[in-house]
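I took the helix before the strand.

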Amino acid sequence: MIIMPAVDIKNGKCVQLVQGKPGTEQIVLDNPAEVALEWEEKGASVLHVIDLGGALEEGGNISVVEEILKKVSVPVQMGGGIRSMDDATRLLDMGVERIILGTLAIENPETVELLSSEFGSERIMVALDSKDSQVVVRGWTEKTAQTAPQLGKIMEEKGASGILFTNVDHEGLLGGFKVEPLLELLEAVDIPVVYSGGVSTLEDLAVLSQTGAYGVVIGSALYKGTLNLEDALNYEKK
């Protein structure tokens, strides 16, 4: 199970929000590139970078992403605000190892097929963000009529190499999570699933390590110190 520290960017700073809602910033750090480098130096093998400004349509932080790519040597997977084929192509050409498509993929699944064909499926991941058991889009502000397992099957057929599953009901709350929605998604698809949302203790990681999840994104818990990256990485070694 790969441990992926989150570097969420908003207004050029590294932040942590509660359930993705603007104005709920709990952590604000001035230099996201330095934060990313620190996680690498502590042992992270992959970094999970999200352009929250892009996702919330407040303006992107692409220059900050460029700084991160120059600063670190480990692979970076990145999502947030990728609204067009041009956006996706730019990031892949820039050196992002794997892009995470959300709204674009769900509203136009053919883009997953096109990008997988052009750049290789291993570089295309789809975000399925679930709130009240329904997938949400546009920075978690709009509900769709579909569930994560339903959309997961479609994205797998279109060539996505993996799914980032975020349980928005638990995101940023440091209160644990319900494992059943993840298990339902894992049952529905054969491609790797990375989990995000509410992971705050080593006990949470122990539960996830038994599910078959490929990886886990950890944000607030690392920044608030309720979870230590070095301890979390023990689950990666197993």
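**Helix H6**

I looked up burial along helix H6 (residues 110-119) and found Thr111, Val112, Leu115, Ser116 and Phe119 buried. Viewed down the axis of H6, these buried residues fall within an arc of 130°, so they line one face of the helix. I note for reference that an α-helix has 3.6 residues a turn, so residues three or four places apart point the same way. The model is a predicted one.

I then checked the other side of H6, where Leu114, Ser117 and Glu118 are exposed.

Next I asked what the buried residues of H6 pack against. I listed helix H4 (85-94), helix H5 (103-107) and helix H7 (148-158), together with strands E6 (98-101) and E7 (124-131).

I also looked at what follows H6: it is Gly120, with a positive phi near 100°.

**Strand E4**

I turned to strand E4 (residues 47-51) and found 5 of its 5 residues buried, so the strand is largely enclosed by the rest of the structure. I sorted the residues by direction: Leu47, Val49 and Asp51 point one way from E4, while His48 and Ile50 point the other way, and all are buried. In a regular strand the side chains alternate between the two faces of the sheet.

Which strands pair with E4? I found strand E1 (residues 2-10) paired with E4 in the parallel sense over 4 bridges. Strand E5 (residues 76-79) also pairs with E4 in the parallel sense, over 4 bridges.

I followed Ile50 across both pairings. Asp8 stands opposite Ile50 of E4, and in E5 the bridge partner of Ile50 is Gly79.

Key: Residues numbered from 1 in each chain as written. Predicted model: local features only at pLDDT ≥ 70, side-chain atom pairs only at ≥ 80, totals over all residues. Heavy atoms only, no water. Buried < 20%, exposed > 50% of the residue type's maximum accessible area, 1.4 Å probe, protein only. Helix = DSSP H or I, 4+ residues; strand = E, 2+ residues; numbered from the N terminus. Arc of directions from axis to C-beta. Contact = heavy atoms within 4.5 Å. Pairing = 2+ DSSP bridges.
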